[in-house]
There are 2 protein chains.
Amino acid sequence: MSLRLAVLGAGAVGGSVLDLAGDYGHDVVAFADSSSSAVDPAGLDPSAVHDRKEREGVVGDADPEAVFDADYDVLVEATPTTLGDAEPGFSHVERALGDDRHVVLANKGPVAERYADLRALEAESAGTVQFEAAVGGAIPVLSTISDLGAPHVTAARGVLNGTANFILSRMAAEGLDYEHVLAEAQDLGVAEADPTFDVDGIDAALKFVILANVLSDGKTEYALDDAEVEGIRNVPGTALDLAAEDGRTVRLIGEATADGVRVAPRLVPQGSALSVTGTQNIVQLETKHAGQLNISGRGAGGPETATAVLSDVSRLE
Amino acid sequence: MSLRLAVLGAGAVGGSVLDLAGDYGHDVVAFADSSSSAVDPAGLDPSAVHDRKEREGVVGDADPEAVFDADYDVLVEATPTTLGDAEPGFSHVERALGDDRHVVLANKGPVAERYADLRALEAESAGTVQFEAAVGGAIPVLSTISDLGAPHVTAARGVLNGTANFILSRMAAEGLDYEHVLAEAQDLGVAEADPTFDVDGIDAALKFVILANVLSDGKTEYALDDAEVEGIRNVPGTALDLAAEDGRTVRLIGEATADGVRVAPRLVPQGSALSVTGTQNIVQLETKHAGQLNISGRGAGGPETATAVLSDVSRLE
């Protein structure tokens with residue numbers, strides 16, 4: 001079935017959803033950046049929208065709010081993640097659910113910081129909320145938990161921040177220190193100018209908070225404040241050298257268990273599942289009866305995250 | 001929703017489905033081995049059934065055929081995989097679909113050897129067919145393909161036979177030859193007395209044939225005869241030694257691509273995703289827009305495979 005998508009957020013993820021929706025048989029009928037929107041009930045032409053954005057700095061003539069007046073089936077919320085009240089993302093979700101539309105989130109804020117509020121709105125709506133894209137980009141971790149059944153998964157553990165992992169991998173491989181590799185990662189576009197979210201473990205913690213919310217199935221609500229978080233800024237190059245002498249390396253490992261959420265640099269054996277390199281992500285799920293499952297792949301990137309969004313959309317049919 | 005299961009096959013998988021169904025909220029109302037069956041509309045008591053099987057060699061007083069007369073929602077077909085006409089498994093599936101019941105297969109035969117026949121029967125039935133347990137035990141490869149959408153997955157590759165992988169891992173780690181490690185694997189119960197299916201690559205090929213059928217989405221039908229298959233009997237210990245000098249090792253790698261199905265021993269880098277050790281399995285999915293996904297875990301075992309069966313059952317609701 002072809003669904004009509006309204007996409008909020010014109011960054012790498014929103015832009016890729018616009019590009020790839022047709023490949024999944026869906027139409028983007030509304031598309032907004034922070035200052036403008038384009039609406040076409042017959043489906044927008046991706047290249048025309050991208051061209052205008054590049055040429056004029058806007059995606060269309062309308063106000064961003066106009067997307068909510070469009071005749072759409074699914075709101076794709078791909079605006080930047082914000083903490084605390086998770087605004088303005090949360091209000092976008094509230095409005096779509098209030099209009100009985102489905103919501104697919106790439107934005108981590110509403111589902112990490114206001115999970116119970118979100119589920120309460122969903123319970124009142126004919127629409128449902130999906131958010132595979134908020135955890136690990138292309139890695140289908142939430143759909144796997146859903147398939148196994150949350151009560152049959154006892155813990156999630158892994159590497160869910162590609163920037164921090166790239167920095168630690170490079171420090172270990174080249175014997176370079178943190179500041180040097182961070183500068184290199186910023187040159188390559190792997191790290192942002194302000195790398196706080198990634199290197200201080202906040203981005204990884206938000207993802208493990210979401211996993212904790214999903215695994216607890218509403219019994220306990222988690223938010224970023226509930227997580228113990230330590231980043232990688234203070235990992236000295238010498239720690240990686242010492243680890244290597246012992247056949248190990250350091251990774252920024254997150255965990256969501258019945259005891260809560262923790263993110264911190266940890267020693268892991270070289271060549272083990274958790275020692276993924278570069279911007280790869282991995283999640284290990286501990287199951288009650290089927291041992292450990294490992295799922296790894298590209299944890300970020302426009303087309304990768306858009307694939308998770310569009311898989312969520314297809315699940316709504 | 002609680003579903004009533006009829007389980008055919010009292011081996012490790014069928015027995016574990018009997019044990020674990022209650023944990024998923026379902027009841028086993030009929031259970032058969034090759035010579036007898038037990039039926040109870042209120043749900044069978046697993047330990048009573050296991051006790052009787054151990055004490056008397058039968059699971060109950062009735063004929064195996066009696067399971068089809070039980071009031072059940074889902075047939076779990078967990079009898080041994082057979083080649084060619086895939087009987088008697090295929091007839092079991094035919095009878096259940098003819099009665100408009102759902103079918104969950106752990107038996108690879110019907111879905112590897114008679115995929116088009118199976119889909120034709122399903123099209124005529126109110127029941128559906130699921131078969132996650134037939135490919136990679138606990139590894140959720142089919143549900144991941146289904147979530148991504150088969151047209152968005154271009155190839156599947158990996159290690160899907162734990163016995164062959166155990167033998168190759170041990171040969172590489174201990175510098176022992178094939179015959180020696182095979183005998184050890186047989187002592188440990190990792191290899192069967194007749195190891196043909198595993199060491200000649202047939203079991204792995206059946207799984208990749210199933211993957212090829214799923215990926216081609218009915219456009220091309222594959223069966224075992226269409227696969228190029230080479231096993232591990234002729235891999236000399238010296239090949240593993242030479243590979244190790246070069247930072248590589250040998251694994252029995254299967255592939256399902258648009259070009260067909262191949263299974264053969266191949267060189268892979270040590271420490272790479274495909275170099276899983278022991279009885280671990282791994283599948284790599286190549287996606288159109290999201291790069292490569294790796295999924296690894298326990299590819300066999302009673303509770304592991306039963307978990308896949310019961311996840312399939314829960315998907316029917």
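This is a predicted model: local features need pLDDT of at least 70, side-chain atom pairs count only at pLDDT 80 or more; totals for chains, interfaces and linings use all residues.

**Interfaces between chains and between domains**

The area buried between chain A and chain B is about 2400 Å², and carbon and sulfur atoms account for 51% of that area.

In it, 28 residues of chain A are in contact with 28 residues of chain B. The rule finds four salt bridges between chain A and chain B. One of the salt bridges links B:D23 to A:K288, with the closest N and O atoms 3.9 Å apart. There are also 10 residue pairs in polar contact between chain A and chain B, both residues of each pair being at pLDDT 80 or more.

Which elements of chain A give two or more residues to the side that touches chain B? They are α6 (141–148), β12 (292–298) and α12 of chain A. Of these, β12(A) gives the most, with seven residues. By class, the side of chain A that touches chain B divides into 10 nonpolar, 12 polar and six charged residues.

The strand β12(A) also pairs with strand β12 (residues 292–298) of chain B, in the antiparallel sense and over three bridges. Within that pairing, A:N294 stands opposite B:S296 in β12(B).

I turn now to chain A by itself. Its domain assignment gives domain 1 (4–137 + 303–315) and domain 2 (142–298). The contact between them takes 17 residues from domain 1 of chain A and 19 residues from domain 2 of chain A. Taken over C-alpha atoms, the centres of the two domains of chain A are separated by 27 Å.

Domain 1 and domain 2 of chain A bury about 1600 Å² between them, with 68% of it on carbon and sulfur atoms. Two salt bridges are counted between these domains. The side chains of A:E304 and A:R298 meet in a salt bridge of 2.9 Å, N to O.

On the side of domain 1 of chain A that touches domain 2 of chain A, α4 (109–113), α5 (115–124) and α12 (302–315) each supply at least two residues. The largest share, three residues, comes from α4(A). That side has eight nonpolar, three polar and six charged residues.

Finally, I come to a sheet in chain B. It is an open sheet of six strands with mixed pairing, in the order β3-β2-β1-β4-β5-β6. Its edge strands are β3 (37–39) and β6 (129–130) of chain B, each pairing on one side only. Strand β5 (residues 102–105) of chain B runs parallel to β6(B), and two bridges join them. Here B:V103 stands opposite B:V129 in β6(B).

Thank you for your attention.

Conventions: Residues are numbered from 1 along each chain as its sequence is written. Chains are lettered from A and ligands numbered from 1 in the order in which they are written. Side-chain values use heavy atoms; hydrogens and water are left out. Domain bounds come from an automatic or database domain assignment. Contact means heavy atoms within 4.5 Å. Buried area is the accessible area (1.4 Å probe) that two parts lose on being put together, summed over both. Helices (H or I, at least four residues) and strands (E, at least two) are DSSP runs, numbered from the N terminus. Ala, Val, Leu, Ile, Met, Phe, Trp, Tyr, Cys and Pro count as nonpolar, Asp, Glu, Lys and Arg as charged, and the others, Gly among them, as polar. Two strands pair if DSSP finds at least two bridges between them. A polar contact is a pair of N or O atoms within 3.5 Å; within protein, one must be able to donate a hydrogen and the other to accept it, and residues adjacent in sequence count only if both atoms are side-chain atoms.
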